[in-house]
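Hi,

Here's the structure I promised to pass on.

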Amino acid sequence: MKKHIVPFIILICSLVFYSGCSSKTNTVSFTADVFPLFTRSCGVCHRREGGNPNAATTLVFFETEKDILSKSTEDIRPGKPEESSLVRIVSRVQKVGENNILMPPPDSGVNEWTEEEILLFAKWIKEGAKEN
Ligand code: HEC
């Protein structure tokens, strides 16, 4: 799985570059920037109600803002995108020795996040994963 590590390193390097370039006023907003990504690509399956044939069988929800903000520090580690498992999952990289979880599932027909979107999410975590 070594080849998966390379894009991840590139991602983290670009993140460092990206945050270095952006000014303080350019803070990522959870409500305006991050939450809509989860609604679009995750909430369609990870929700509580409603006859969705794609509904995830696990009890993992990405339906409300609180669902995301209350994820364990392992999923979203404030200040440390490189240690946040959700960044790895949406970046389609796998940590050695970990189950291969890629979301949205590759054959689901739901668009995966673009590199720009992943960077936005990672930057929000780097800025403290705040409810802003
Ligand atoms: C097409 C439906 C679908 C979409 C879209 C989807 N998921 Fe999933 N997800 C699933 C299913 C089904 C599982 C359960 C897989 C399994 O049994 O491990 C799952 C499992 C997970 C898990 C692991 C839960 C556990 O058991 O540890 C995480 C984390 C997760 N998804 C995150 C996401 C994120 C983040 C997104 C959006 C980027 C997303 N998912 C989009 C269907 C989906």
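**What I found**

Asn 132 sits in the segment that follows α5 (115–126); helices here are DSSP runs of H or I with at least four residues, numbered from the N terminus. Before going further: this is a predicted model, with local features needing pLDDT of at least 70, side-chain atom pairs counting only at pLDDT 80 or more, and totals for chains, interfaces and linings using all residues. Residues are numbered from 1 along each chain as its sequence is written.

Back to Asn 132: it is partly exposed, because 14 other C-beta atoms lie within 10 Å (20 or more would be buried, 12 or fewer exposed, with C-beta atoms placed from the backbone). Beyond the neighbours within four places in sequence, Asn 132 contacts Thr 27, Ser 29 and Phe 30 (contact means C-beta atoms, placed from the backbone, within 7 Å). Ala 32 is 100 residues away from Asn 132 in sequence, yet their C-alpha atoms are 8.7 Å apart.

Phe 121 is in helix α5 itself. Phe 121 is buried, because it has 25 C-beta neighbours inside 10 Å. Again leaving out neighbours within four places in sequence, its contacts are Val 34, Leu 37, Val 87 and Val 90.

Cheers

Terms used
Helices (H or I, at least four residues) and strands (E, at least two) are DSSP runs, numbered from the N terminus. Two residues are in contact if their C-beta atoms, placed from the backbone, lie within 7 Å.
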